[in-house]
Amino acid sequence: MKESKLYLEIVTPEKKLFTGDVISVDVPGVVGRFTILQDHAPIVAALKEGPIRIEGNFSEDVVFECTSGVIECADNKVSILLE
């Protein structure tokens with residue numbers, strides 16, 4: 001079993017969709033998909049429509065649909081704000 005090394009929070013204006021430790025987060029950036037892993041360089045990026053895939057210590061990956069939003073990553077903490 002892989003070890004979780006990132007803390008992820010996904011929020012909308014109405015509620016929190018996800019909070020917890022994860023292994024990786026794959027998102028639809030406006031210039032292409034990219035994956036956040038442990039010790040990723042700090043980044044702020046816009047997101048476009050597409051799936052957000054979360055790998056963690058779950059029985060299978062968790063997927064959320066994104067229409068647009070913003071991702072911020074720093075010090076192994078990832079925040080995703082969705083519209």
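Is Val 44 buried or exposed? Val 44 counts as exposed, at 61% relative accessibility. The cut-offs behind these words are simple: buried means under 20% relative accessible area, exposed means over 50%, and partly exposed is in between (1.4 Å probe, protein chains only).

Before going on, a word about the model. This is a predicted model, where local features need pLDDT of at least 70 and side-chain atom pairs count only at pLDDT 80 or more, while totals for chains, interfaces and linings use all residues. Residues are numbered from 1 along each chain as its sequence is written, and side-chain values use heavy atoms, with hydrogens and water left out.

## The surface and the core

Val 44 sits in strand E5, which covers residues 43–47. Strands (E, at least two residues) and helices (H or I, at least four) are DSSP runs, numbered from the N terminus. Together with Val 70 and Leu 81, Val 44 makes a nonpolar surface patch of about 260 Å². Patches are made of residues with over 30% relative accessible area and no salt bridge; like charges are joined within 9 Å, and nonpolar side chains (Val, Leu, Ile, Met, Phe, Trp, Tyr) within 5 Å. The accessible areas come from the Shrake-Rupley method with a 1.4 Å probe, and for residues only the protein chains shown count as cover.

Now turn to the inside. In soluble globular proteins, nonpolar side chains tend to be buried together. Here the largest nonpolar core has 20 residues, and those with the most contacts inside it are Leu 8, Ile 10, Ile 52, Ile 71 and Ile 80. A nonpolar core is a set of buried Ala, Val, Leu, Ile, Met, Phe, Trp, Tyr and Cys residues joined through side-chain atoms within 4.5 Å.

Leaving out residues up to four places away in sequence, Ile 71 touches residues including Val 27, Phe 34, Ile 36, Val 78 and Ile 80; contact means heavy atoms within 4.5 Å. Val 44, the exposed residue we began with, is also among the contacts of Ile 71.

## Two residues of strand E3

Strand E3 spans residues 24–29 and holds Ser 24. Ser 24 is buried, with a relative accessible area of 8%. Among the residues it touches, not counting those up to four places away in sequence, are Leu 6, Thr 35, Leu 37 and Arg 53.

Gly 29 is in strand E3 too, and counts as buried at 1% relative accessibility. With residues up to four places away in sequence not counted, Gly 29 touches Phe 34, Ala 46, Leu 47 and Lys 48. The C-alpha atoms of Gly 29 and Lys 16 are separated by 21 Å, and these residues are 13 apart along the chain.

## Aromatic rings

How many aromatic pairs does a search of the whole structure find? There are two. Rings of Phe, Tyr and Trp (its six-membered ring) pair if their centres lie within 6.5 Å; planes under 30 degrees apart count as stacked, over 60 as edge-to-face and the rest as tilted. Phe 18 and Phe 58 form an edge-to-face pair, 6.2 Å centre to centre with 90° between the planes. Phe 18 lies in strand E2 (residues 16–22) and Phe 58 in the loop between strands E6 (50–55) and E7 (62–66), so the pair ties together parts that are 40 residues apart in sequence. Phe 18 counts as buried at 14% relative accessibility, whereas Phe 58 is partly exposed at 33%.

The rings of Phe 18 and Phe 64 have centres 6.3 Å apart and planes at 70°, so this pair is edge-to-face. It links strand E2 with strand E7, 46 residues apart. Phe 64 counts as buried, at 19% relative accessibility. Ring pairs link Phe 18, Phe 58 and Phe 64 into a cluster.

## Salt bridges

The structure holds two salt bridges, each a side-chain nitrogen of Lys or Arg within 4 Å of a carboxyl oxygen of Asp or Glu.

| Glu 9 | Lys 16 | 3.3 Å |

Glu 9 is buried, with a relative accessible area of 18%, while Lys 16 is exposed at 56%. Asp 26 is buried at 19%, and Arg 33 is partly exposed at 41%.
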